[in-house]
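Open the model in your viewer and keep the selection tool at hand. This tour goes from one stop to the next and says what to select at each.

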Amino acid sequence: MSTVMGHKYDVPRLWSEQMGEVVAKQNELAEGAYVTGQSLEEMRQAYRAERAFWNEGGPSVAVCVDQEVPTRYGAVRVRHYRPGEQGPLPLIVFVHGGGWVIGDVDTHDRITRTLCHLTGAAVVSIDYTLAPDARFPQQIHECRDVVAHIREQAEEWGIAPEDISFAGDSAGANMAAATMLMMRDEGVLTQTRTMLLFYGVYGLKDSMSMRLLGGAWDGLTEADYAYYLDQYFAEPENADDPYFNVLGSDFSTGIPPCYIVAAGLDPLRDDSRTLVEILGLCSVPHLYNEVEGVIHGFLHHSKMLDQTMDVLKEAARFYAEHPIRR
């Protein structure tokens, strides 16, 4: 149970039968691994080992190749997926989650392969430098530089430089949105096709969902979340920076249609609800899906959880329904 100021919320009683089976399998695979009390290397190795099971299978794509992209901090690895067409193809830039501390292009491989397969777009997944090896805003700069380089070398990459979308899960959703906002603010990206954002953190410091949800099942207790932020930020005031506190950014102009997903039993759920309210107030086209009975991180679990594929298919439909405006 999650306990906050004497209140207990029985999250396991509320999750779906399939979600319960996923958590049981997750516990079997992890054996208590990647908890915040471990060393960074222990967390990262355990996370990769547990995620290996969830990345087995899934759709195949014609091209899946790792490439190096120059940034102001040095080369960054990306994984480039293509469905088979020669191009130029629209591009979806994917930024992986993991609390800025764990995760890589391997731990999210099935998600990104599936997005490529369902959308018919090229997908580039960015293996940004993890915290605390680098601190905010280096990760956003790396993502921004990767996108800028690929657009500048569009013919080599086989992409349409004006048909760019951003996607990410959890901390990656935060970074994907921040990268788009930074490039918009710089004037180097005048239009974006869509953003596909899955159970992201967008800057709330307190909320009903934070107080009532989160536990060992998702690794997102209040102490866990504070740990991840402490690893990511060089200074506490970074929490107010608009490239972290996305909710404090200007949404009145230059925001593409947004597909926003929240997990109903996620302590970060209210970040998504608040973002959706802002999108509505600013008349930004959007679709919101709050998936009941599931916890944070459910996008990994398409091997056992039907709702995962439902969400990814809906994301692909939303993407197809919002072509770039010429």
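Start with Arg144. This residue is buried, with a relative accessible area of 16%. Keep in mind that the model is predicted.

**Stop 1**

Glu186 and Arg144 form a salt bridge, with the closest N and O atoms 2.8 Å apart. The pair links distant parts of the chain: Glu186 is in helix α7 (residues 171-186) and Arg144 in helix α5 (residues 138-152), 42 residues apart. Glu186 is partly exposed, at a relative accessible area of 40%.

**Stop 2: a bridge from strand to helix**

Select Glu290 and Arg273. They too form a salt bridge, and the closest N and O atoms are 2.8 Å apart. Glu290 belongs to strand β10 (residues 286-291) and Arg273 to helix α10 (residues 269-281), so the pair ties together parts that are 17 residues apart in sequence. Arg273 is partly exposed, with a relative accessible area of 33%.

Stay in this region and pick Ser283. Ser283 is in the loop between α10 and β10. Its phi is positive, about 60 degrees, although Ser283 is not a glycine. Is Ser283 buried or exposed? Ser283 is exposed, with a relative accessible area of 64%.

**Stop 3: a network of charges**

How many salt bridges does the structure hold? The structure holds 23. Select Arg79 and Asp109 to see one of them: their side chains meet at 3.5 Å, N to O. Arg79 sits in strand β4 (residues 74-82) and Asp109 in helix α4 (residues 109-119), 30 residues apart. Arg79 is buried, with a relative accessible area of 9%. Asp109 also counts as buried, at 13% relative accessibility.

Now widen the selection to Asp66, Arg77, Asp106, Arg113 and Asp127. Together with Arg79 and Asp109, these residues form one network of salt bridges that share partners.

**Stop 4: aromatic rings**

Show the rings of Phe198 and Tyr259. Their centres lie 6.2 Å apart and their planes make an angle of 75 degrees, so the pair is edge-to-face. Phe198 is in strand β8 (residues 195-198), while Tyr259 is in strand β9 (residues 258-263), 61 residues apart. Phe198 counts as buried, at 0% relative accessibility. Tyr259 counts as buried too, at 0%. The count of aromatic pairs comes to 13.

Step on to Tyr199. Tyr199 lies in the loop between β8 and α8. Its phi is positive, about 35 degrees, although Tyr199 is not a glycine. Tyr199 is buried, with a relative accessible area of 1%.

Next, select Trp100, Phe136, Tyr232, Phe233 and Phe244. Ring pairs link these residues into a cluster.

Lys25 has its charged end over the ring of Phe53, 4.8 Å from the ring centre. Arg193 lies over the face of Tyr319, 3.8 Å from the ring centre.

**Stop 5: two cis bonds**

Go back to Phe136 and show the backbone. A cis peptide bond joins Phe136 to Pro137, with omega about 10 degrees. Pro137 is in the loop between β6 and α5. Pro132 lies in the loop between β6 (122-126) and α5 as well. The bond from Ala131 to Pro132 is cis, with omega near 0 degrees.

**Stop 6: the pockets**

The largest pocket has a volume of about 600 Å³. To find it, select Tyr34, Arg51, Asp218, Gly219 and Tyr228, which lie nearest its centre among 36 lining residues. Colour α2 (17-30), α3 (40-54) and α9 (222-232): each supplies at least two residues of the lining. The lining has 17 nonpolar, 15 polar and 4 charged residues.

The second largest pocket holds about 370 Å³ of space. Select Leu204, Lys205, Glu222, Tyr225 and Leu229; of the 22 lining residues, these lie nearest the centre. The elements that give two or more residues to this lining are α8 (208-212) and α9. Which element gives the most? That is α9, with 4 residues. By class, the lining of the second largest pocket has 14 nonpolar, 2 polar and 6 charged residues.

Terms used:
Residues are numbered from 1 along each chain as its sequence is written. This is a predicted model: local features need pLDDT of at least 70, side-chain atom pairs count only at pLDDT 80 or more; totals for chains, interfaces and linings use all residues. Side-chain values use heavy atoms; hydrogens and water are left out. On a 1 Å grid over the protein atoms alone, a cavity is a set of points where a 1.4 Å probe fits but cannot get out, and a pocket is an open set with protein on both sides within 12 Å along at least five of seven lines; lining residues have an atom within 4 Å of a point. Grid points are joined across faces, edges and corners, and a volume is the space filled by probe spheres set on the points. Ala, Val, Leu, Ile, Met, Phe, Trp, Tyr, Cys and Pro count as nonpolar, Asp, Glu, Lys and Arg as charged, and the others, Gly among them, as polar. Rings of Phe, Tyr and Trp (its six-membered ring) pair if their centres lie within 6.5 Å; planes under 30 degrees apart count as stacked, over 60 as edge-to-face and the rest as tilted. Buried means under 20% relative accessible area, exposed over 50%, partly exposed in between (1.4 Å probe, protein chains only). A charge sits over a ring if NZ of Lys or CZ of Arg is within 6 Å of the ring centre and within 35 degrees of the ring normal. A salt bridge is a side-chain nitrogen of Lys or Arg within 4 Å of a carboxyl oxygen of Asp or Glu.
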